[in-house]
Amino acid sequence: MIGNIGRQSVTLLDAPLVDGDYNTQVRDWDNPTQTLVPGCTVDYLFASRSKQAGDQTITRAQLFLPRGAPRVLPQYRVQWDGRIWDVDGVPAQVEESGPLEGQSVTLLEVKGA
């Protein structure tokens with residue numbers, strides 16, 4: 001069986017729920033649980049810049065986790081390449097499709113106005 005070919009590491013960030021205003025629960029992103037995941041592959045997909053109402057950039061990347069890595073949930077964030085990324089959509093669980101397959105996650109970063 002072929003081993004994992006990923007050479008990058010990411011950190012999964014999961015913020016606990018805490019009590020917020022008006023009896024709501026909010027995520028505490030100041031104190032997230034951090035899980036290091038080695039053996040990943042991350043590729044930039046595209047970046048765009050808008051200057052209409054304000055200067056804004058949108059960047060997407062695709063994260064491929066190794067087989068057996070912790071499952072990424074839609075509410076997580078991912079630290080990679082010195083940046084914090086949001087999980088965009090629902091991560092695909094594709095471990096059944098072959099020996100190299102793990103989870104596939106689209107990452108999103110929005111900066112600016």
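The legends below accompany close-up views of a predicted model.

View 1. In soluble globular proteins, nonpolar side chains tend to be buried together.

**View 2. The surroundings of Val10.** When neighbours within four places in sequence are left aside, Val10 is in contact with Thr35, Leu36, Val37, Cys40 and Val42, and also with Leu63, Val78, Gln79 and Trp80.

View 3. Gln62 belongs to strand S5, and it counts as buried because its relative accessible area is 13%, which is under the 20% cut-off. Its side chain makes a polar contact with the side chain of Ser104 at 2.7 Å, while the side chain of Gln62 also reaches the backbone oxygen of Val105 at 3.4 Å. Beyond its neighbours within four places in sequence, Gln62 is in contact with Thr41, Val42, Asp43 and Leu45, as well as with Ser104, Val105 and Thr106.

**View 4. Pro32 in a loop.** Pro32 lies between strand S3 (25-27) and strand S4 (33-50), in the loop that separates them, and it is partly exposed, with a relative accessible area of 22%. Not counting residues up to four places away in sequence, Pro32 touches Leu13, Asp14, Ala15 and Pro16. Although Pro32 and Tyr76 are 44 residues apart in sequence, their C-alpha atoms are 9.5 Å apart in space.

View 5. Most residues other than glycine have a negative phi. Asn23, however, has a phi near 60 degrees, and this residue is found in the loop between strand S2 (17-19) and S3. With a relative accessibility of 84%, Asn23 counts as exposed, because that value is over the 50% cut-off. Asp81 likewise has a positive phi, near 60 degrees, and lies in the loop between strand S6 (77-80) and strand S7 (83-87); its relative accessibility is 47%, so Asp81 counts as partly exposed.

Technical notes. Residues are numbered from 1 along each chain as its sequence is written. This is a predicted model: local features need pLDDT of at least 70, side-chain atom pairs count only at pLDDT 80 or more; totals for chains, interfaces and linings use all residues. Side-chain values use heavy atoms; hydrogens and water are left out. Helices (H or I, at least four residues) and strands (E, at least two) are DSSP runs, numbered from the N terminus. Buried means under 20% relative accessible area, exposed over 50%, partly exposed in between (1.4 Å probe, protein chains only). Contact means heavy atoms within 4.5 Å. A polar contact is a pair of N or O atoms within 3.5 Å; within protein, one must be able to donate a hydrogen and the other to accept it, and residues adjacent in sequence count only if both atoms are side-chain atoms.
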